[in-house]
Amino acid sequence: MEQIPMRDGYGKALLELCKIDKNVLVLDADVAKSTRADWIKQQFPNHFIDMGISEQDMVGTAAGMALAGMIPFVSTYGVFLSGRAWDQIRNTVCYNNLNVKLGGAHAGISVGPDGATHQALEDVAIMRVLPNMTVVVPCDSIETYKATMAIYHTAGPCYIRFGREAVPVITTDATPFVLGKACVFRPGSDVTIFANGTMVHQSMNASNQLQKKGISARVVNVHTVKPLDAETILSCAAETGAVVVAEEHQQAGGLGGAICELLSQHNNVPVCLVGIHDTFGESGNPCELMENYGLGIQNVVDAAVNVLKRK
Amino acid sequence: MSGLKDLQQLCNTVRKDIVRMIYTAGSGHPGGSLSSVEIMVSLYFTDIFRCFPENPDNPTRDRFILSKGHAAPLQYSILARKGYFPVKELKSLRTFGSPLQGHPNMKKLSCLDCSAGSLGQGLSIANGIAFSFKHTHCTPRVYCLMGDGEQQEGQVWEAALFAAQNKLDNVCAIIDCNGIQLDGSVKDIKNMEPLDEKWHSFGWNVIKVNGHDITALHEAYKQSEAHLGTPTVILAATTKGKGISYMENQAKWHGTAPNAEQYAAAMAELSLEVQ
């Protein structure tokens with residue numbers, strides 16, 4: 001399977017947007033080569049602003065640009081964008097419902113050797129609690145492209161997070177993508193695995209293994225954490241009677257938290273969460289970090305087996 | 001420019017609005033609202049600031065970003081006196097359902113160019129607007145009022161660098177240098193002086209002015225308009241709580257509402273001042 005970093009999809013979409021819309025501006029905080037905002041710098045220098053190492057100012061400036069009718073895409077590492085500039089995102093971007101797009105790169109533990117300070121594992125949680133915010137976590141480069149185009153077409157603040165590593169391209173240009181609409185990637189009747197980001201591919205592999213054990217696991221790509229597709233999630237949960245949520249993020253507050261909040265108000269379906277369990281990461285290569293921090297294929301398999309015992 | 005006497009009279013009216021609003025609300029920030037009165041009157045009620053109260057969304061208008069959001073009562077009074085909404089609405093400050101939130105909210109009061117409340121953010125916002133105007137070849141100017149205590153926020157200096165780097169000469173920042181923040185004097189808490197040297201070294205055109213002298217402020221705004229190539233900051237030396245003798249230079253009046261007796265004394269003093 002072809003492997004491409006999701007950030008390439010982000011960069012490709014930004015190029016496309018700068019081509020079609022003179023009001024699109026791309027801001028970066030001295031990591032443009034990493035986020036692929038550098039592609040804009042090369043091809044559309046008038047659309048690119050390097051803000052220097054100043055995340056708070058970057059978000060505030062983007063807010064001003066949005067007030068003046070521009071469509072700023074703000075890119076840097078997800079951990080610094082969501083954390084360092086949270087107050088600016090809350091009190092200026094979201095409070096005023098401004099059309100600012102936030103691209104959180106190098107998200108998750110799979111950023112690898114840079115270690116814990118650079119691994120965004122709480123970003124989805126602290127972005128999704130903000131009123132007016134849309135939060136998207138695509139699963140591969142093609143979906144990242146589509147998601148970036150989709151948030152361009154969606155008025156208001158949006159946070160899109162994507163990883164650093166080359167990851168398998170599991171969707172095609174023809175795969176449906178609608179913001180706010182979860183997508184069943186694999187049918188199944190015993191348990192539903194809701195996943196996003198890198199954990200969609202892991203969950204597909206887990207589903208294969210579960211099949212060998214005689215367990216039919218449905219895999220649903222919940223790329224949009226907010227607004228959450230309540231209809232699809234509730235119907236999948238009801239139909240299969242057991243739920244696993246898998247994400248490259250803390251178990252607390254992310255997609256798992258969002259789905260538990262929803263399910264708890266509607267039914268008693270048992271849930272098992274796969275994610276980082278209240279700890280920081282460390283340096284290492286992406287695969288060994290995923291395996292050692294509970295994000296391996298086997299972790300998803302185990303979660304499915306365990307949740308079925310509570311059915 | 002209206003006559004100086006008229007503008008001084010207007011400042012007095014605005015001060016009464018501020019004291020009355022905060023007294024009626026039972027909470028609010030008189031000190032830093034009163035200190036910025038001349039700064040705002042000389043901006044809005046002369047030939048400096050282009051705005052269209054009858055058509056507030058006119059895209060050619062200049063923009064004003066209040067960064068020291070706690071001076072909301074001042075901003076509301078100015079906008080009401082300018083004709084954006086009825087003066088009688090001022091009494092709804094800080095009450096449930098009012099467009100006049102404790103700190104300004106553009107979603108509830110649509111004539112605002114931005115909301116405010118979290119300190120240190122306004123200049124970045126002003127820069128973003130100003131950069132976009134340059135990008136799209138628009139001519140309006142962008143004004144941003146900050147406090148001197150607010151200068152302690154690191155984001156202010158990130159924004160200062162950005163504006164200079166990008167030659168945003170369509171930005172005019174004004175700092176209300178009243179010397180006092182909530183907990184005490186700026187000098188004692190985290191000294192920001194010499195502010196003029198700091199801003200100059202950050203690449204800005206610095207103008208120092210008496211922040212209660214309307215003529216001098218007007219001249220400073222004119223100079224900022226004429227100055228090309230770098231952004232301008234006007235350092236306006238002011239008195240916190242200006243106009244109410246018992247409030248002047250007192251940190252406790254940063255964010256305290258007067259009681260009935262104090263209110264009467266303040267209004268009496270302001271009425272006396274007119275004559």
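**Two interfaces in a predicted two-chain model**

A:Glu261 forms a salt bridge with A:Arg128, their closest N and O atoms being 2.7 Å apart, where a salt bridge is a side-chain nitrogen of Lys or Arg within 4 Å of a carboxyl oxygen of Asp or Glu. The model is predicted, so that local features need pLDDT of at least 70 and side-chain atom pairs count only at pLDDT 80 or more, whereas totals for chains, interfaces and linings use all residues. Residues are numbered from 1 along each chain as its sequence is written, chains are lettered from A and ligands numbered from 1 in the order in which they are written, and side-chain values use heavy atoms, with hydrogens and water left out.

**Salt bridges**

- Over all chains, the structure holds 15 salt bridges.
- A:Glu261 lies in helix H11 (residues 255–264) of chain A and A:Arg128 in helix H7 of chain A, so this pair ties together parts that are 133 residues apart in sequence; helices (H or I, at least four residues) and strands (E, at least two) are DSSP runs, numbered from the N terminus.

**Domains of chain A**

- Chain A is divided into domain 1 (3–168) and domain 2 (183–308), with bounds that come from an automatic or database domain assignment.
- The C-alpha centres of domain 1 and domain 2 of chain A lie 25 Å apart, and 33 residues of domain 1 are in contact with 34 residues of domain 2, contact meaning heavy atoms within 4.5 Å.
- Between them, domain 1 and domain 2 of chain A bury about 2300 Å², 59% of it on carbon and sulfur atoms; buried area is the accessible area (1.4 Å probe) that two parts lose on being put together, summed over both.
- Of the area that domain 1 of chain A buries against domain 2 of chain A, A:Ile109, A:Leu121 and A:Arg128 supply 30%, more than any other three residues.
- The rule finds 1 salt bridge across the interface of domain 1 and domain 2 of chain A.
- There are 20 residue pairs in polar contact between domain 1 and domain 2 of chain A (both at pLDDT 80 or more), a polar contact being a pair of N or O atoms within 3.5 Å; within protein, one must be able to donate a hydrogen and the other to accept it, and residues adjacent in sequence count only if both atoms are side-chain atoms.
- On the side of domain 1 of chain A that touches domain 2 of chain A, helix H7 (123–128), strand S6 (134–136) and strand S8 (166–168) of chain A each supply at least two residues, and the largest share, 4 residues, comes from H7(A).

**Chain B against chain A**

- In this interface, 22 residues of chain B are in contact with 25 residues of chain A, and the area buried between the chains is about 1900 Å², of which carbon and sulfur atoms give 59%.
- Across the interface of chain B and chain A the rule finds 0 salt bridges, while 10 residue pairs are in polar contact (both at pLDDT 80 or more).
- The elements that give two or more residues to the side of chain B that touches chain A are helix H5 (122–135) and helix H6 (154–165) of chain B, and the largest share, 9 residues, comes from H5(B).

**Annotated span**

- UniProt lists residues 9–270 of chain B for "domain: Transketolase N-terminal" (unreviewed entry), in a span that is 39% helix and 13% strand and whose end C-alpha atoms lie 10 Å apart; UniProt annotations may be inferred rather than shown by experiment.
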